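Thanks for passing this one along.

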Amino acid sequence: MQAYDERIAGTVRFIREATHITAFTGAGISTESGIKDFRSPGGIWDRYRIVTFQEFVSDHKARVEYWNMRRELFHELNSARPNRAHKALAALEQMGRLQCLITQNIDGLHYDAGNADIIELHGTNKRAACLSCGKSWPIADIQARLEAGERAPTCDDCNGLIKPATVSFGQAMPEKELMKAAECASSCDLFLMIGSSLKVEPAASIPKMAYQAGAKLVFVNRTETPLDTVASIIFREDAGDVLSRVIERLHS
Ligand SMILES: [Zn+2]
């Protein structure tokens, strides 16, 4: 592996030469914001039973259990702030150098950092939506209803079930987002991957599409990924440090 500084310089050169840049982010970009990977020890799924989508829609008790968990987690999930890595991607967009941002995260921190157009493959924790008519609310509105004593809120328009606008276990991925992500990956000439181990679908296939379309790949991830062999530059350093150095260099 080249020296850190050479890899930063190489990434800056790729960004300057690229005409269409796609960024793809996973849990690793948010760890500096204090959000634990849900799957990691101490993460959400380590502390709570997983209520699947099927249970949620078919069983009132499961819905109550799910919303109890969400009510308790509200402040933890909503107190996180964007870190240097999120801010760097927002800066890249403001510079007109980021055409697509795809994320597996539900924390909404890319929006908080200032990115406008984000493909959220697993939905967002910032809102809740009616499963029947699609009406949606800021999650804080639903939290207020839970705190006022509702146990499993339903839609005031159609009486459908309200669920956080995230993709649950057993729930299908949003097709429109998947298609947009595939388009972004196969039409870019530089693909920046930050904070994903690329082990779960569709995370595994999206960078592959970019590679097959001839894009250069830059990976920023703590651990190895199955696609490391096709990446042009790999960083194991902190995403916040890597991306803020890159932006600083782009400005100079
Ligand atoms: Zn409804």
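The points below cover the metal site and then the disulfide.

1. Ground rules. This is a predicted model, where local features need pLDDT of at least 70 and side-chain atom pairs count only at pLDDT 80 or more, while totals for chains, interfaces and linings use all residues. Residues are numbered from 1 along each chain as its sequence is written, and side-chain values use heavy atoms, with hydrogens and water left out.

2. Zinc donors. The SG atoms of Cys130, Cys133, Cys155 and Cys158 coordinate the zinc ion at 2.3 to 2.4 Å. Donors here are N, O and S atoms within 2.8 Å of the metal (3.2 Å for Na, K and Ca); water is not among the atoms, so sites may look incomplete. Along the chain, the spacing of the donors reads C-x2-C-x21-C-x2-C.

3. Zinc geometry. The four donor atoms subtend angles of 96 to 119° around the zinc ion, so the arrangement is tetrahedral (four donors with all angles between 85 and 135 degrees). For reference, the ideal angle for four tetrahedral donors is 109.5 degrees.

4. Cysteine 155 is buried at 4% relative accessible area, whereas cysteine 133 is partly exposed at 42% and cysteine 158 is partly exposed at 36%. Buried means under 20%, exposed over 50%, and partly exposed in between (1.4 Å probe, protein chains only).

5. The disulfide. With a disulfide taken as a pair of cysteine sulfur atoms within 2.5 Å, the count is one: cysteine 100 to cysteine 184, S to S 2.0 Å. The S-S torsion of about -65° makes this disulfide left-handed. Both partners are buried, cysteine 100 at 10% and cysteine 184 at 8%.

Key: Tetrahedral: all angles 85-135°; square planar, octahedral: opposite > 155°, others 65-115°.
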